[in-house]
Amino acid sequence: MAQTAAQPSVATPAALPVKAILPWAVFFGALMLLALFFVGAEQGATAIFAGEGVHEWVHDGRHLLGFPCH
Amino acid sequence: MNSATVGKLLARGMVAGLLAGLLALGVAYFLGEPPTEAGIAYEAAHSHEEGAELVSRAAQSTTGLATGVLVYGVGLGGIAALAYSFALGRIGAFGPRATAALLSLGGLIAFYVVPFLKYPANPPAVSDPATISQRTTLYLLMVVLSVLLAVSAVIVGKRLASRLGNWNASVGAGAFFVLAVGLAYAFLPAVTEMPKDFPASVVWQFRVSALAIQATLWAGFGLVFGILAERLLQPRESGERIGAMEPGAVAPSS
């Protein structure tokens, strides 16, 4: 599919090998998802920390970013 | 070398996500806060169990909002950069910037617009606090389904391209995605909890601003990350262009 290089001025970059991406994707992917979890769902449906502090602090962002809230 | 490239892309993705988050924060503050305030005013007028405030409204609508939007921006930027590492050179004859633009458009649609059309963003006081678990599960299920279907559609499109050509294969993949999303919409339960007298204009304003926040975030990310990724992946070409644009800046003596 990528062989249809009609314009030689735009160089199609070589694909990065999956083996090189996977360690980053697993570790940092999980870390990034954890960040999204704290903004979107912590102390809502489920909680890592007790109380309401995180939920109340990111309350407006949670609503406006489209996550379900109270 | 290649592994280091992925790490550098990831770092650039998080930076681009932070910058896009700052733009989105502006939209959230100026467009999103008024209907949020209106929802809270409705809530206050209709409930009598007013407890002590843990976080003041002034903090929630400024530093709290900023924390939420910026952390979200960095997180999304990181995830999008990892997805970009997979997409680069695999989705067709696109350069670094075009790949970033396409990925951002796909991300906006798959990660936000498709789930939003089934389970839209709601201002405070619209939902029943007792159903938060079901609503969260359904929303996350819809996001995961949508992203998986979008990735499948890209793979289907790639497979079809050798037989049908790029255009027809893309249309076919798009049709597959729309059909599959339609089926998911049909089988997942609807959530209808809005109080009958809740002002419709507030809901409309809130949802349009929620959509504007995400559009700003993804567009900002795509444009900034595209530039950063191109500089990383094709350094010589970009260097020439910068040199050509600012001849005075790089020539100390003339």
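The model is predicted, so local features need pLDDT of at least 70 and side-chain atom pairs count only at pLDDT 80 or more, while totals for chains, interfaces and linings use all residues. Residues are numbered from 1 along each chain as its sequence is written, and chains are lettered from A and ligands numbered from 1 in the order in which they are written. Chain A has three helices and zero strands, and chain B has eight helices and zero strands. Helices here are DSSP runs of H or I with at least four residues, strands are E runs of at least two, and both are numbered from the N terminus.

**The two chains**

- Reading chain A from the N terminus, the order of elements is α-α-α.
- Of the 70 residues in chain A, 39% are buried; that label needs 20 or more other C-beta atoms within 10 Å of the residue's own, with 12 or fewer making it exposed, anything in between partly exposed, and the C-beta atoms placed from the backbone.
- For chain B, the buried share is 40% of 254 residues.
- The elements of chain B run α-α-α-α-α-α-α-α from the N terminus on.
- The C-alpha trace of chain B spans about 70 × 55 × 30 Å along its principal axes.
- If you take the contacts in chain B between residues at least 6 apart in sequence, 84% of them join residues at least 24 apart. A contact means that the C-beta atoms of two residues, placed from the backbone, lie within 7 Å.

**Where chain A meets chain B**

- Chain A puts 43 residues into the contact, and chain B puts in 57.
- On the chain A side, the elements giving two or more residues are helix 1 (18-40), helix 2 (53-57) and helix 3 (59-64).
- Helix 1 of chain A gives the most to that side, with 11 residues.
- Sorted by class, the chain A side has 29 nonpolar, 10 polar and four charged residues. The classes work like this: Ala, Val, Leu, Ile, Met, Phe, Trp, Tyr, Cys and Pro are nonpolar, Asp, Glu, Lys and Arg are charged, and the others, Gly among them, are polar.

- Helix 1 of chain A packs on helix 2 (residues 57-87) of chain B at an angle of about 155 degrees, with the axes 9 Å apart. Axes are lines fitted to C-alpha atoms, for helices over the stretch in contact, and angles run from 0 to 180 degrees between N-to-C directions.
- That angle makes helix 1 of chain A roughly antiparallel to helix 2 of chain B; the label applies over 145 degrees, with under 35 being roughly parallel, 65 to 115 roughly perpendicular and the rest oblique.
- The crossing of these two helices is left-handed, a call made when the near helix is turned anticlockwise from the far one by less than a right angle, with clockwise giving right-handed.
- Residues making this contact include W24(A), F28(A) and M32(A) from helix 1 of chain A, and V71(B), Y72(B) and L82(B) from helix 2 of chain B.
- By class, the contact holds 15 nonpolar, five polar and no charged residues.

**Helix packing inside chain B**

- Helix 1 (residues 2-46) and helix 6 (residues 200-233) of chain B pack at about 165 degrees, with their axes 8 Å apart.
- Helix 1 of chain B is therefore roughly antiparallel to helix 6 of chain B, and their crossing is right-handed.
- The residues of that contact split into 24 nonpolar, 10 polar and two charged.
- Helix 3 (residues 96-118) of chain B also packs on helix 6 of chain B, at an angle of about 155 degrees and with the axes 8 Å apart.
- That makes helix 3 of chain B roughly antiparallel to helix 6 of chain B, and the crossing is right-handed.
- This contact has 15 nonpolar, five polar and two charged residues.

**Domains of chain B**

- Chain B is assigned domain 1 (1-44 + 61-126 + 195-240) and domain 2 (127-193), with bounds from an automatic or database domain assignment.
- The domain centres, taken over C-alpha atoms, are 19 Å apart.
- Domain 1 gives 11 residues to the contact between them, and domain 2 gives 15.
- The domain 1 side of that contact has seven nonpolar, three polar and one charged residues.

**One residue to look at**

- R159(B) sits in helix 4 (residues 132-164) of chain B.
- R159(B) counts as partly exposed because it has 14 C-beta neighbours inside 10 Å.
- From R159(B) to Y185(B), the separation is 26 residues in sequence and 26 Å in space, C-alpha to C-alpha.
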